[in-house]
Amino acid sequence: MSDTMQVSGTVQPRSPHHLHLDGDRAATPRSRHSIQVTREFVHRPLADDILVTSWRRLDDAHFSLTAQWPHDHGYFTPNRGRHHLILTGETIRQAGLLLCHAELGVPLGHHFILGDLVYTTHPEHLAVDSGPTPLTIDVVCSRMRRRAGTLTSGHFDMTIRRAGRIVATGHSDVTVTSPAVYRRLRGKRLTARHTFDPLPAPVPPRLTGSAKESDVLLSPTGRPDRWLLRIAPGHPAVVNPANDHIPGMVLLDAAQQAARVLTSPDAFVPYAFGTDFRRYAEHGTPCVIEARRVPSALPCTTTVQVTGLQDGDPVFVSTLTALDPRD
């Protein structure tokens, strides 16, 4: 899965105390405390979707970040009084992108290919308050590889805390490519864009755990374990019109919706979520979403494996695990 945003020019500061950043140069260590996290650093088209709020280098491999989860977001709506499952994955994604640009020397405009995204949450600490939820994130970087002084890949382990208590732990692996390499990699697909019509009928929102019909990413196929991916205009938190492929956050959300439809939208509330991205999910090609129960590694849990396929080949494989409802 690639996560891209084309950036040109400079990142404009939002107060006289913020420094200008050249589009081809990351933040310097001495200035990191005074620079506001911008849309370009986390590859988000809207400022309201920025979750990570600040960062601090501890040493070459350890960083401390702060983040904030909204209580009333237009897309990441709470489920059963708890924060949306995908918020954890999006926070890990944004934290890795920010550090790559601001501390690890990756120029703005480079492209990121996410190999995997794995996290485990602690549901008892995910309750939604009446206002935003402040968080801290401890990040450990490893397996950092460089070519000609520029980061080409890395592994990020993260621990997310709320008021000192662990909310989630997880990791991501990323590969970084220059614009030139990305152009060669994508070829004629570089100009592909998503079109929204005609939209197939959605699965009823109550079955997917969605707040409204426009948030449903699945269309029925006549089989209880198979759906077609549908992408309504929705919210730019997951649908960025500039992407030349289907964004990874769309695939993650489709996976958790499929797992709920297969089991029960009320009883199946995943706490662990792991995804292996195999290749790009392309616009203009039907994406089939299949879900099946698989053996759980822990007692009193249910595990569902969700696979996305295009032209018969896997695009991603997600594994979601939830505690069984108590009698």
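Colleague: Is Thr88 buried or exposed?
Modeller: This is a predicted model, in which local features need pLDDT of at least 70, side-chain atom pairs count only at pLDDT 80 or more, and totals for chains, interfaces and linings use all residues. Residues are numbered from 1 along each chain as its sequence is written, and side-chain values use heavy atoms, with hydrogens and water left out. Buried means under 20% relative accessible area, exposed over 50% and partly exposed in between (1.4 Å probe, protein chains only). Thr88 has a relative accessibility of 1%, so Thr88 counts as buried.

Colleague: Which helix holds Thr88?
Modeller: Helices (H or I, at least four residues) and strands (E, at least two) are DSSP runs, numbered from the N terminus. Not counting residues up to four places away in sequence, Thr88 touches Trp69, Tyr119, Thr121, Ile160 and Ala168, where contact means heavy atoms within 4.5 Å. The helix that holds Thr88 is H2.

Colleague: How are H2 and H5 oriented to each other?
Modeller: The axes of H2 (residues 85-102) and H5 (residues 248-262) come within 10 Å and cross at roughly 155 degrees. Axes are lines fitted to C-alpha atoms, for helices over the stretch in contact, and angles run from 0 to 180 degrees between N-to-C directions. Angles under 35 degrees count as roughly parallel, over 145 as roughly antiparallel, 65 to 115 as roughly perpendicular and the rest as oblique. H2 and H5 are therefore roughly antiparallel.

Colleague: Is the crossing of H2 and H5 left-handed or right-handed?
Modeller: A crossing is left-handed if the near helix is turned anticlockwise from the far one by less than a right angle, and right-handed if clockwise. For H2 and H5 the crossing is right-handed.

Colleague: How many charged residues has the contact of H2 with H5?
Modeller: From H2, Leu85, Ile86, Gly89, Glu90 and Arg93 meet Met249, Leu252, Asp253 and Gln256 of H5. Ala, Val, Leu, Ile, Met, Phe, Trp, Tyr, Cys and Pro count as nonpolar, Asp, Glu, Lys and Arg as charged, and the others, Gly among them, as polar. The contact of H2 with H5 has four nonpolar and two polar residues, and the charged residues number three.

Colleague: What kind of aromatic pair do Tyr75 and Phe76 make?
Modeller: Rings of Phe, Tyr and Trp (its six-membered ring) pair if their centres lie within 6.5 Å; planes under 30 degrees apart count as stacked, over 60 as edge-to-face and the rest as tilted. By this rule the count comes to four aromatic pairs. The ring centres of Tyr75 and Phe76 are 5.5 Å apart and the planes stand at 90 degrees, so the pair is edge-to-face.

Colleague: How many residues apart are Tyr182 and Tyr280?
Modeller: Tyr182 and Tyr280 form an edge-to-face aromatic pair, 6.4 Å centre to centre with 80 degrees between the planes. Both are buried. Tyr182 is in H3 (residues 179-186) and Tyr280 in the loop between E12 (270-277) and E13 (288-294); this pair links distant parts of the chain, with a separation in residues of 98.

Colleague: What is the C-alpha to C-alpha distance between Leu126 and Pro78?
Modeller: Leu126 lies in the loop between E6 (111-121) and E7 (133-147). Its relative accessibility is 8%, so Leu126 counts as buried. Leu126 and Pro78 are 48 residues apart in sequence, and in space the C-alpha atoms are separated by 9.6 Å.

Colleague: Is Ala148 buried or exposed?
Modeller: Ala148 has a positive phi of about 55 degrees although it is not a glycine. It lies in the loop between E7 and E8 (150-162). With a relative accessible area of 81%, Ala148 is exposed.

Colleague: What is the relative accessible area of His43?
Modeller: His43 is not a glycine, yet it has a positive phi of about 60 degrees. It is found in the loop between H1 (39-42) and E4 (52-57). His43 is buried, and its relative accessible area is 2%.

Colleague: How far apart in space are Phe316 and Asp116, C-alpha to C-alpha?
Modeller: Phe316 is in E15 (residues 313-323) and, at 0% relative accessibility, counts as buried. Leaving aside neighbours within four places in sequence, its contacts include Leu251, Ala255, Phe277 and Ile289. Phe316 and Asp116 are 200 residues apart in sequence, while their distance in space is 9.3 Å.
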